[in-house]
Amino acid sequence: MSSVQIGVSRPPLDVADLPEPEKVFKVRKLGPVQVVQFVIGPSLIALGISIGSGEWLLGPQAVGRFGFVGIGWVITVSALLQTFYNVEIARYVVATGETPVVGWGRVPPGWKFWVPVSLAVFYFAFIFGGWAAGAGQGLFALIAGRGYRPDEIEYVRLLAIGLLVVVFLITAGARKVSRALELANWVLVGTLLLVLIVVTVAVVPFSVWSEGVRGLVTPAAPPEGITATQLGGLAGFTALASGLNWYAMSHYRDKGYGMGHHVGFIAGLRGGKQELRPVGVTFVDTPANASLWRRWYRLLLIDQWAVFFVGAMLGMLLPTVLMAHIVAVSGQQPTAANVPTFSAEQLGLLYGQGMFYLMLVVGVLVLFSTQLGIFEALVRNFTDAMHAVSPRLRRRIEDDPRRFYYPFMLLVLAIIAGALHLALPVELVQISANMSNLGALMFPFALMYLNSRLLRPAPVVAPRGPRAQRGVLRVLLRELRLRVLHGRPAGALLTGHFTKCSMSPSASSARPPSCGSPRSARSLGTTSGSTTRSILPTWPRHVTASWARSRSVPSTTPSRMRCNSSRSGSCRTRASTARNAGMPPARSSPCQRTTHSSSTTSADRSSTSSRSPFAVAQPPPSTRMTSSSPTTPTSGSPSHSNTTPPSASVSVMPRHPSSASRTSSIRLTSAAALPRTRGTARSTPAAPRPPPPPPRRRPPSRSSAVR
């Protein structure tokens, strides 16, 4: 397999093996220190974006006006859902190396629809620059020692544009853009959380803390008086950006997670030209790749849940409890005009000028970290999309994305500078948040489509132990899910390749079971004199065995494996038959010795109360199973039926006396069938037999098998 097609309209993905995390991060062993130093990173960029939007502006404003009840529950639910969403977006990036904006192009009707739509929704949500305006407002207060007056709004906007220029310089001076953003957010986010924890613990009483925590975990309806715009903005920008979280997940590719290591990254001006593949790379399902995938997925979960979710909840809890305390003490409420500097001004009045300047610095850093991530993401996603879908652009820039990335960043800077004049910072952020909620109506469904077509990343694990029969449904459901992930429709469970077997209605005139070549289950039906069933798909042996046991002839009497009374009680014949059938080996335990009989006796009925503990090798309670003999032909069958192919066969005999003459045969076909035993009278398996000659054709009137 050299390539794999996922979705439509985009070229197929190349195939390679997953890299080892130690090789990607260039360490000998990944311990806790190495994970913090090298692995954690993309979640920090997303966390830096999230803290300056809902956490610093919208959350404190809502709590300051309406309290914790109803607001805190919206915050918790939004953070949980967005973290799950982030993990699934990052799953696609790690498995293919393609960024989400490129992956949307594989969703029907194709990239000509999804790439422009996704970019339009993303840009309409974030191009207004509300965070830059808020950071400029805090920076003006830090310089002037007071808030701005209405006639000084232009100075605030100039300071906001200056902060955008600082973002451009950070990316231009980097060797690797994503690594520069990680290091900047390590400093910004770490400083912010540390200062907020110290100030909040020192200032806020315990009663407000308890009220805030209780509001986060107590389900409640939204408070009266809150508008749909305020509630939607709070839900959209708690944690990150609701349905538009995908714009920040492309850093997993640049970090080298999984198959992103084979695709490349966007380099800075100091980094030199780096290869960036326009099409992703995926991996096939091998034991080595499955093991490596579990390691990469574990690192992804650590990055999202231990860093992003915990940081987002802390980033929302600390400013909101601080705002609630300030409102209770001062008696004033924040407004859309003064919320970026409200906490600093009120704390300055209560605790002195030192607290005023400290909180202004915190506010500026919070909003700057947000604008740093968003401004770069606007440029990054557009560059990735154009580089992937336009061969002409790749030729013009000579496969060097930097030639498009930095000129386009200057263009975006000019557009944001003009958008800053449209409204106040908080109003701009609310517009962006509600556009993010629009993305939640579109992109999660597109993500389901993409992830359902990924090659399955891990093998099926068969249920083992005495209760394995109870896990048959679980195995089949898991196999169904993995077949969907493998790129095949879920209906393959019923319409895939099955083994065709015939079950004759009369044991006295029946031939041995006749099984033809694998055919579709749709082509199998019922013919005169025989019943044809589609029994086993071409799946692994543990799945076929479980399916066969679940499809046996129904009955109401429990049953057990039969052992030869003249042999040892170790049930070696049963173990051999189970091994030939592809079943897992049973544990060693004696079984009851019984005599063979074609009808149900009182001894048989009494023996059912002490069933053997070999649940893996047992048939379902509706049947009684014995190993069919390959040397004893069925009555009425031709002489050539004495030999059968070397694959497991299990004879299913009903326990009810009225149907004792009815014999059904289920043929378990596996890729590596073992030689079968010669019958229940033997306790050791016989030597392998050569393949049988083809059966002779019988007249149509006497046939009992489906042609």
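Here is a short chat about a helix, a cavity and a pocket in this predicted model.

User: What do the numbers rest on?
Analyst: Residues are numbered from 1 along each chain as its sequence is written, and side-chain values use heavy atoms, with hydrogens and water left out. As the model is predicted, local features need pLDDT of at least 70 and side-chain atom pairs count only at pLDDT 80 or more, while totals for chains, interfaces and linings use all residues.

User: Which residues of α18 are called buried?
Analyst: Buried means under 20% relative accessible area (1.4 Å probe, protein chains only). Among those in α18 are Phe404, Phe408, Val412 and Ile416.

User: What makes the lining of the second largest pocket charged, polar or nonpolar?
Analyst: Asp, Glu, Lys and Arg count as charged; Ala, Val, Leu, Ile, Met, Phe, Trp, Tyr, Cys and Pro as nonpolar; the others, Gly among them, as polar. On that basis the lining splits into nine charged, seven polar and five nonpolar residues. Helix α13 gives the most, four residues.

User: And how does the lining of the largest cavity divide?
Analyst: Six nonpolar, four polar and four charged. Helix α16 (353–389) brings the largest share, three residues.

Notes: Buried means under 20% relative accessible area, exposed over 50%, partly exposed in between (1.4 Å probe, protein chains only). Helices (H or I, at least four residues) and strands (E, at least two) are DSSP runs, numbered from the N terminus.
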